[in-house]
Amino acid sequence: MSFNTGVGTRTAVVTGAASLRGIGFHTAVRFAQEGWALALIDLNEDGLAQAAAAVRERVPGVQVAAFALDVTDETAVTTVAGKVAASELPTVGALCNIAGIPSPSSFLELTRSEWDRVMAVNLTGPFLLSQAFVPQMIDGGYGRVVNMSSVTAQHGGGVFSKTSYAAAKAGVLGLTRGMARELAEHGITVNAVAPGVVDTDIRVGSDDDTERALAAAVPLKRQARPEEIAALFVWLCCKDSAYITGTTQSINGGTYVA
Ligand SMILES: NC(=O)c1ccc[n+]([C@@H]2O[C@H](COP(=O)([O-])OP(=O)(O)OC[C@H]3O[C@@H](n4cnc5c(N)ncnc54)[C@H](O)[C@@H]3O)[C@@H](O)[C@H]2O)c1
């Protein structure tokens, strides 16, 4: 199976790429290994510079540009889309909306500001990025959007994070389905990935016992490795996945089976 575009080198835009243990970084590495160029986006400027350097170290010769911004900042998103278009990077062929934050508060303690932020980063961000970059894909004649959801969207929480996260990640499924229908006429596919528990640093403050308990609750008895989620993102962006659109790709070790 090939992970390329079939139409030459394209740039993959990957958000949430700054954490060296995160899904976004591993997705960037996998794209680079498959011959794609990269535009990396994250709020964490220092982490992003380190991530870009780490991708270059692992895949010498890869074209990488890094842009530090908040995915909820519409002006910054529009500006970066313009910078990418004007840069020496190849035409954008894929957008992976991976940046996200959890929601620690239980429903009865959830504040309006936490609700707003969780919705903004996890749901509005993918909307803004997609609207900014999809026109470049249409012009370039090849396009894939993959949005990060979560098993939490499917069973209403319970793995980690609570109601506002479940609502935002369920919103991502609706965004994905709507975009898939509307963009099909342009040959752009849009899919969502819904992981179960993945071994990254997103669960800030979580101790070893909690992490072991999370793994024990998974039918396959382990957490996913970020590389496994990354491979799914990149495959959904390649030419062989051309007939898959509007779907939710579950990757959860059997945590949620429907
Ligand atoms: N780790 C899991 O168990 C798991 C499970 C299901 C879904 N997810 C989702 O996967 C995605 C990646 O999570 P991860 O586990 O790699 O976590 P992570 O914390 O390692 O990565 C998230 C990245 O997003 C960035 N980010 C946060 N807010 C941002 C903003 N406003 N603008 C730009 N960048 C921002 C962070 O700086 C960080 O680099 C998230 O959307 C998360 O909700 C994670």
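The largest cavity has a volume of about 30 Å³. On a 1 Å grid over the protein atoms alone, a cavity is a set of points where a 1.4 Å probe fits but cannot get out, and lining residues have an atom within 4 Å of a point. Grid points are joined across faces, edges and corners, and a volume is the space filled by probe spheres set on the points. A search of the whole structure finds 1 cavity of 30 Å³ or more.

This is a predicted model, in which local features need pLDDT of at least 70 and side-chain atom pairs count only at pLDDT 80 or more, while totals for chains, interfaces and linings use all residues. Residues are numbered from 1 along each chain as its sequence is written, and side-chain values use heavy atoms, with hydrogens and water left out.

Which residues line the largest cavity? They are Thr15, Val71, Asn97, Ile98, Ala99, Val121, Gly125, Pro126 and Leu129. By class, that lining has 6 nonpolar, 3 polar and no charged residues. Here Ala, Val, Leu, Ile, Met, Phe, Trp, Tyr, Cys and Pro count as nonpolar, Asp, Glu, Lys and Arg as charged, and the others, Gly among them, as polar. Helix α4 (residues 112-140) gives the most to this lining, with 4 residues.

## The largest pocket

A pocket is an open set of points with protein on both sides within 12 Å along at least five of seven lines. The largest pocket has a volume of about 700 Å³. Its lining is made up of 37 residues, and Ile98, Ala99, Gly100, Ile101 and Ile202 lie nearest its centre. The elements that give two or more residues to this lining are α1 (23-33), β2 (37-42), α4, α5 (151-155) and α6 (163-183). Helices (H or I, at least four residues) and strands (E, at least two) are DSSP runs, numbered from the N terminus.

Helix α4 gives the most here too, with 3 residues. By class, the pocket lining has 19 nonpolar, 12 polar and 6 charged residues.

## Following helix α4

Pro126 has its place in helix α4. Is Pro126 buried or exposed? At 4% relative accessibility, Pro126 counts as buried (buried means under 20% relative accessible area, exposed over 50%, partly exposed in between, with a 1.4 Å probe and protein chains only). Not counting residues up to four places away in sequence, Pro126 touches Asn97, Val121, Asn147 and Leu175, where contact means heavy atoms within 4.5 Å.

Gly140 also lies in α4 and is partly exposed, with a relative accessible area of 24%. After α4 comes Gly141, whose phi is positive, near 80°.

Glu211 is found in helix α7 (residues 208-216) and counts as buried, at 16% relative accessibility. Lys221 sits in the loop between α7 and α8 (226-236) and is exposed, with a relative accessible area of 57%. Although Lys221 is not a glycine, its phi is positive, about 65°.
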